Amino acid sequence: MFKFKKKNDDFKVFPARVPKIKTSNAERSVKGTVYLLTVAVLLILMVLVVFVVAKSTTIFKNIGFLDFIFNGNWDPTNKVNPSYGIGTIIFMTLVLLALTMLFAVPITIFSTLFISEYLSKRTQKMVMTIVKLLAGIPSIVFGLFAREQIGWLCRMMGAPSNDNLMVAVITMTFMAVPTMVSLSYNAVQSVPSTYRFAALSLGVTKEQTTFGIIRKSVNTKIISAIIMGMSRVIGETMAIMMIAGNSVGGFDTTSGLGGFLFSSVRTLAGTIGIEILEASGKNHQSALYAIGLILFFLVFVINLIILSLSNFETFKINRKIKHEEKLAKADKIKPLKITKRYDDYQLTSFVKFHSQNKIFKNIHSSIMLLLMWTSTAIIVMFTFWIIGTVAVKGLAGLQYGEAFVSINDQGGIIAALFTTLLLIAATLLFAIPLGLATAIYLSEYARQSSLITKSFRFIINLFASTPSIIFGIFGLSFFIVIMKLPFSVLAAALTMTIVVLPMLISNFEDALTSVPLGHKESAAALGLNKIKILFKITLPNAMEGIITAILLSMAKIIGESAPIYLTLGTAIRMPSEGFLSTGATLTTGIYMIAAGGGVGESEYIAYLMSLTTIILVLTLNLASSKLSSSILRTTHAIHFEGIKNFIKWWKNFSLKHSWNNFIRTGKRRWNKVKFKLSKENIVNKYNGSKQRRANIKRIKMEDE
């Protein structure tokens, strides 16, 4: 690396010139495309935020920010004196959130610890599959089920109607619990087994180990999971519109606790979904955008808290490591400070008392075990309840078989299914290139320690947890009002592209970074440039994760309803105009049928459409891992052991050489076939078999 030059008997060291590696045109074009699409994604997300902020300024200028937040009177349709105060709506949203978390948090903690610490690996897999089934049910199906089943239970307890606060609390509990349990379960599984063995070896009970050591060691991650569940509750729109009652008058405080719990309420997200299509004037529209801005701010605070907790946990670990390194460097350990001494008799009595206090241990263990078992059973039973109800009523809806073709003189379930599939295709057509390019940039080109990269990832996580109704009002105003697109599959696809982009980027990046670094280093050492490594090594080996991400995004597109409701339309019809067709997907069709019809035929048709939607979504969710593995096996992905042989073949490849090899191989195989069919070979085989039979016969005779 260095050249030595002798001058005046002194040696001077000069750094050697390292030749620059020439970048090919293909590499420059690929890198430029990746950067261009990444910038496009960032601009799209920034335009959304700026657009919502700009639309919100009108109402803040006219009535003031504080009056908008703290005034409790919301009456925008009053032509004489319209009022735009959301104080009461904010209070109702927070009460709904608090009551939901009051049920969801204990169920999450107890069920997660029971699944992870008490069940066998096989049973854990079965129960977590049930949790994923519950997570995959679209929110609109939750609303349809809750309006009838949970609403009926509340009516038996004295509720005046099926749409009230308690129905919304129970429904949102089981909509948030699957996400919280999945994240918490992953956290608990990461706890080292030595923690468990060390505690049990000291005589600590299983329950005390679970709650005193395992839970405390992952408290930060469990809190993060709970906060993610809170963002789900705050942002839910369509289910709340169906089951909460949507009254802006506040809680009923004149009829005691029952009147309060069975009050008709409205949330922030529900207000946007109900009134955005009928906004009367600029102030009304600006007020709805301001509500979206407040929701976005709440989600921003939630993500900031999660980031702070994560950084705090990392800070504690790093501080502990530095402290241990400092002690090791000083080669000394600080003596323990003993504040109280026990003599032998006291110490023996103390240990004997705590080790033999079996009654207290048994009572504590029984209570904890009962709570954990009950929480897990509640989740499992609720999952079977909702899926069983949809299955039974959906199959009963087959008596109205004409619903597949026509519903209320409109298109049928088949038309809604075709519209859904067309929307999926159009969304993925835009989303996959943008998401994959951004993931490639973050994993291959970005400096991981830079502030820009960290900020970009924070923005992606922020938009991944943003309520979809915000994307919906942006799509309605930008693509339909400003760009003059009709209510169509194209407008809905552009909107849904922004909805699924954060999830696609995160999953694509996880897939790309999961490829072992040794694969890339070996390929680089054998002469492949960065582009060939990307397309020949990284992408093929990450194909399983990429396919899984695409399948999950398809399930999300099918399950979403709020953005599609605002940009596609509500009439169920066949998409005969292609991407410019208006209509309704399966989920928006369920909402329109449930909102317009009552019991009887409409109810059964809604359940039949719900059953179709659930089958489609759950098939994609459950097949996301198994199907990707089978596809990966058929794509002959390049593995580490075959890199050298592949590169050798690639360098020696030529069309003429391959054709000559093909001819020689063909001649060689034809000669083998001719030899096998020749008369001489057949006679030799016959004679050989004849001789063998004679020998066998002779040996048998000798044995006798």
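Before we start, one definition: a helix axis here is a line fitted to C-alpha atoms over the stretch in contact, and angles between axes run from 0 to 180 degrees between N-to-C directions. Keep in mind as well that this is a predicted model.

**Exercise 1. Work out how helix 1 and helix 18 are arranged, and which residues meet between them.**

Step 1. Find the two helices: helix 1 covers residues 25–63, and helix 18 covers residues 468–482.

Step 2. Look at their axes, which come within 10 Å and cross at roughly 85 degrees.

Step 3. Angles of 65 to 115 degrees count as roughly perpendicular, so helix 1 is roughly perpendicular to helix 18.

Step 4. Now list the partners. Helix 1 brings Val47, Leu48, Phe51 and Val52. From helix 18 come Ile470, Phe471, Phe474, Ser477, Phe478 and Ile482.

Step 5. Sort this contact by class: nine residues are nonpolar, one is polar and none is charged.

**Exercise 2. Describe the second largest pocket: its volume, its lining and the helices that supply the lining.**

Step 1. Start with the volume, about 350 Å³.

Step 2. Turn to the lining, which has 17 residues; the closest to the pocket centre are Ile107, Ile170, Phe174, Ile378 and Phe382.

Step 3. Helix 3 (87–118), helix 5 (139–156), helix 6 (165–189) and helix 15 (358–396) each supply at least two residues. Helix 15 gives the most, with seven.

**Exercise 3. Find the salt bridge between glutamate 603 and lysine 393, and say which parts it ties together.**

Step 1. Glutamate 603 lies in helix 25 (residues 601–634) and lysine 393 in helix 15, so the pair ties together parts that are 210 residues apart in sequence.

**Exercise 4. Locate asparagine 246 and lysine 484, and give the phi of each.**

Step 1. Take asparagine 246 to begin with. Its phi is near 65 degrees, a positive value in a residue other than glycine. Asparagine 246 sits in the loop between helix 10 (238–243) and helix 11 (256–261).

Step 2. Move on to lysine 484, which is not a glycine but has a positive phi of about 65 degrees. Lysine 484 belongs to the loop between helix 18 and helix 19 (489–513).

Key. Residues are numbered from 1 along each chain as its sequence is written. This is a predicted model: local features need pLDDT of at least 70, side-chain atom pairs count only at pLDDT 80 or more; totals for chains, interfaces and linings use all residues. Side-chain values use heavy atoms; hydrogens and water are left out. Helices (H or I, at least four residues) and strands (E, at least two) are DSSP runs, numbered from the N terminus. Angles under 35 degrees count as roughly parallel, over 145 as roughly antiparallel, 65 to 115 as roughly perpendicular and the rest as oblique. Contact means heavy atoms within 4.5 Å. Ala, Val, Leu, Ile, Met, Phe, Trp, Tyr, Cys and Pro count as nonpolar, Asp, Glu, Lys and Arg as charged, and the others, Gly among them, as polar. On a 1 Å grid over the protein atoms alone, a cavity is a set of points where a 1.4 Å probe fits but cannot get out, and a pocket is an open set with protein on both sides within 12 Å along at least five of seven lines; lining residues have an atom within 4 Å of a point. Grid points are joined across faces, edges and corners, and a volume is the space filled by probe spheres set on the points. A salt bridge is a side-chain nitrogen of Lys or Arg within 4 Å of a carboxyl oxygen of Asp or Glu.
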